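This report describes the fold of one protein chain and then turns to a few of its residues. Please keep the sequence and the structure in view while reading.

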Amino acid sequence: MNYQETLQYLFSQLPMYHRVGESAYKADLNNTIALCNLLGNPQNNFKSIHIAGTNGKGSISHFLASIFQQHGYKTGLYTSPHLKDYRERIKINGQCIPEEKVTHFVEKYKQEVSEIKPSFFEWSVGLAFEYFAEEKVDIAIIETGLGGRLDSTNIITPILSVVSNISKDHTNLLGGTIEEIAVEKAGIIKKEIPVVIGQTQTETIHVFKEKARKESSKIYFADQHFNTLHAEIVYNKTPELIIKLQFVNGTHLNHVFDNDQVIRSPLTGYYQVKNIATVLMAVDVLNTIGFQMIKKKVEEGIYNIIKNTGLQGRWQKISDKPLVVCDIGHNEEGIKEVVKQISFTPHKKLHWVIGFVNDKDVDAILKLLPIDAVYYFCKASVPRALDENVLKDKALTYNLKGESFPTVKAAYLQALKNAHPEDLVVIGGSAFVVADIL
């Protein structure tokens, strides 16, 4: 098989959550354990950091990978979903896994693995772990897919666990309340392994503290260590988010950072402030367990995140005049942040190319959207995508007006045609809408 034939096999033969939804989700670790046993348990041959959470875990994973790269570590990075190419899920030092590695893995194990019947995600986890072990990475940043406790990645024993935040998403699989979802995410906390929690939330703090107590794990809440003094977008040659953070008195662990720490980020979504505070907390903790992270290298790692890791889809500028941006925010909390970001972005008229998958609480999201925008309701090119006409009809009940389009591209081209140079065009609602544009 060549690479394209290999992808066709993976996409067609294996149950794939981002295409078919709930039926591809395996609520236990048996397949992953069987697969990794077959591979010789490669996940035990490299150090790792495990990242979970509802929103922000992808950005946090990429920030940490970039920081390790900046320090000279050979750094693996496993994330999902991909936006343009499957190989984006598995990288070393920002470089996607070679096509021939993917093909060779499938050809080598296809027969034996067929008896295990793994999902697409489980197969991908096995491939990533074998690749990182073969390449002898110094560290691998591993992002969970869904949840944490029963996520396929949760067979690793990391040196640090990180949970970004908790909000309602995938409630059909993870639970209908914030507390139930937190229990699933807290499942990545391992015995005597420190854990960083990005945000202190009333409904979840007791869940994380209790799980950390049971596992004898030191627990750190990033927003209890850092205050945000200031955050603004500065428009130089390229826009930057400038953040000034201050350590809360007495919470400095290692004095890596200044008491008033200034950070520059090329990711200009204001929601990155919380993610960056979480990353800095993680760095501070890493220096208590044998690493020697240097302030300058940490700052460079954050600033060079796009160059080092190839991260896309986070308030990403596509073009100017009109300003076109895309963002993969796709649940209630994520869309709240996108709406807030729009309010900070100078523009005359807002044009929103928008689509969702059919298992989201679309009504909860539509309530958040501005009624003075022009909407271009569309359907992404995955089977899970919500029908564009159904979306248009739902939106109308919230006084959101616009036209429907069978593809993201058709919607985008119409938005560009309608927009004036001073307008803003936003593309989002789903990672798959963004993927179709990119």
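Does E88 count as buried or exposed, and at what relative accessibility? E88 counts as buried because its relative accessibility is 15%; buried means under 20% relative accessible area, exposed over 50%, and partly exposed in between, with a 1.4 Å probe and protein chains only.

**Basis of the values**

The model is predicted, so local features need pLDDT of at least 70 and side-chain atom pairs count only at pLDDT 80 or more, while totals for chains, interfaces and linings use all residues. Residues are numbered from 1 along each chain as its sequence is written, and side-chain values use heavy atoms, with hydrogens and water left out.

**The chain as a whole**

The protein chain contains 17 helices and 17 strands. These elements are DSSP runs numbered from the N terminus: helices are H or I with at least four residues, and strands are E with at least two. The C-alpha trace spans about 55 × 55 × 40 Å along its principal axes.

Of the 438 residues, 58% count as buried. Among contacts with a separation of 6 or more, 74% join residues 24 or more positions apart, where contact means heavy atoms within 4.5 Å.

In helix α8 (residues 178-185), the buried residues are I178, I181, A182, E184 and K185. They lie on the same side of α8, because they cover an arc of only 155° around the axis. The arc is that of the directions from the helix axis to the C-beta atoms.

Helix α16 (residues 408-418) has V408, A411, Y412 and A415 buried. These buried residues fall within an arc of 100° seen down the axis of α16, so they line one face of the helix. K409 and K417 are exposed on the other side of α16. An α-helix has 3.6 residues a turn, so residues three or four places apart point the same way.

**Residues in loops**

E88 lies in the loop between β2 (75-78) and β3 (90-92). Apart from neighbours within four places in sequence, E88 is in contact with T79, H82, L83 and C96. E88 and G310 are 222 residues apart in sequence, and their C-alpha atoms are 8.6 Å apart in space.

The loop between β2 and β3 also holds P81, which is joined to S80 by a cis peptide bond with omega of about -5°. A cis peptide bond also joins K321 and P322, with omega of about 0°. P322 is placed in the loop between β12 (316-319) and β13.

N331 is in the loop between β13 (323-327) and α13 (332-344). N331 and K101 are 230 residues apart in sequence and 34 Å apart in space, C-alpha to C-alpha.

N41 has a positive phi of about 50° although it is not a glycine, and W315 has a positive phi of about 40°, again without being a glycine. N41 is placed in the loop between α3 (30-38) and β1 (48-52), and W315 in the loop between α12 (305-309) and β12.

| Residue | Relative accessibility | Class |
|---|---|---|
| N331 | 2% | buried |
| W315 | 8% | buried |
| N41 | 23% | partly exposed |
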